[in-house]
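Thanks for coming, everyone. I'll keep this brief. Please look at the screen.

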Amino acid sequence: MRHSNQAAVAALFVILAACSKGEEAKDDDTAAVKPAVAAAPTDPEKAAALAALPAPYNTGDLANGQSRFALCRSCHTITEGGPAMTGPNLWGIFGRQAGTSPGYAYSAAVKSAGFVWDAEHLDKWLADPRGFLPGTKMSFAGLKDPKDRIDLIAYLKVETGYKPAP
Ligand code: HEC
């Protein structure tokens with residue numbers, strides 16, 4: 001009896017070890033595209049933040065959102081206190097009045113847009129920036145696939161300090 005219990009426990013450890021190896025291999029695959037941020041939230045924290053988003057963003061694919069963000073990265077930082085580049089820093093973008101990142105020189109189109117950024121505005125903006133706010137100086141053609149926009153918005157919500165209303 002004792003022996004078979006020990007064997008079962010040993011077998012369990014082998015299975016657990018195999019599982020966690022599998023997990024690591026999966027993490028490594030995406031590690032190359034992860035931004036190297038020191039105090040970034042952990043993956044379980046990100047998964048929880050994702051699950052807490054309103055639909056359809058709670059089903060967003062963060063890995064795809066992250067790869068879509070490669071389209072923005074040359075012009076935008078998303079970390080807290082990150083510098084403006086060609087475009088303004090996007091930390092805290094959700095709930096922020098359009099055109100109000102301190103010290104950034106916006107076009108009149110964005111400065112006078114008169115709305116607060118939320119997922120709906122961002123979706124229209126990312127689909128067609130120049131169609132949505134004519135006169136903007138953001139030279140980005142647009143992200144045409146609606147699912148890509150959902151994934152990117154979910155990624156941005158998780159990465160830019162968005163807190164759902166309690
Ligand atoms: C070629 C550079 C460039 C690329 C690529 C780019 N942006 Fe921009 N972005 C800008 C500029 C410049 C502005 C300021 C626009 C203005 O003032 O008219 C801006 C403004 C914004 C704003 C409004 C910020 C605010 O404070 O109101 C958001 C949101 C935004 N970009 C998101 C994105 C996302 C997400 C992507 C990737 C899909 C992206 N941008 C790609 C240059 C870029």
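Here is a question to start: what do the buried residues of helix 3 pack against? Keep in mind that this is a predicted model. The answer is helix 2, residues 43–51, and helix 7. Which residues of helix 3 are the buried ones? They are Leu62, Asn64, Gly65, Gln66 and Phe69.

Now go to the start of helix 3. Aspartate 61 makes a polar contact there. One of its side-chain oxygens comes to within 3.0 Å of the backbone nitrogen of alanine 63.

Next, the aromatic rings. Searching the whole structure gives 6 aromatic pairs. Take phenylalanine 69 and tyrosine 155. Their ring centres are 5.9 Å apart, and their planes meet at 40°, so this pair counts as tilted. To be edge-to-face, the planes would have to be over 60 degrees apart. Where do the two partners sit? Phenylalanine 69 is in helix 3, residues 62–69, and tyrosine 155 is in helix 7, residues 146–159. The pair therefore ties together parts that lie 86 residues apart in sequence. Phenylalanine 69 and tyrosine 155 are both buried.

Here is another pair: tyrosine 104 and tyrosine 106. The ring centres are 4.7 Å apart and the planes are at 75°, so this one is edge-to-face. Are these two tyrosines buried or exposed? Both are buried.

There is also a cluster. Ring pairs join Phe115, Trp117, Trp125 and Phe132.

Which rings does lysine 157 lie over? One is tyrosine 57, where lysine 157 is over the face at 5.7 Å from the ring centre. Another is tyrosine 162, again over the face, at 4.0 Å from the ring centre.

Last stop: serine 107. Find it in the loop between helix 3 and helix 4, which covers 108–111. Why do we call serine 107 buried? Its relative accessible area is 13%, and buried means under 20%. What does its side chain reach? A polar atom of the serine 107 side chain lies 3.3 Å from the backbone nitrogen of valine 110. Leave out residues up to four places away in sequence, and serine 107 touches Gly135, Thr136 and Lys137.

To recap, helix 3 packs its buried residues against helix 2 and helix 7. Phenylalanine 69 is one of those buried residues, and its ring pairs with tyrosine 155 in a tilted arrangement. That's my tour. Thank you.

Methods
Residues are numbered from 1 along each chain as its sequence is written. This is a predicted model: local features need pLDDT of at least 70, side-chain atom pairs count only at pLDDT 80 or more; totals for chains, interfaces and linings use all residues. Side-chain values use heavy atoms; hydrogens and water are left out. Rings of Phe, Tyr and Trp (its six-membered ring) pair if their centres lie within 6.5 Å; planes under 30 degrees apart count as stacked, over 60 as edge-to-face and the rest as tilted. Helices (H or I, at least four residues) and strands (E, at least two) are DSSP runs, numbered from the N terminus. Buried means under 20% relative accessible area, exposed over 50%, partly exposed in between (1.4 Å probe, protein chains only). A charge sits over a ring if NZ of Lys or CZ of Arg is within 6 Å of the ring centre and within 35 degrees of the ring normal. A polar contact is a pair of N or O atoms within 3.5 Å; within protein, one must be able to donate a hydrogen and the other to accept it, and residues adjacent in sequence count only if both atoms are side-chain atoms. Contact means heavy atoms within 4.5 Å.
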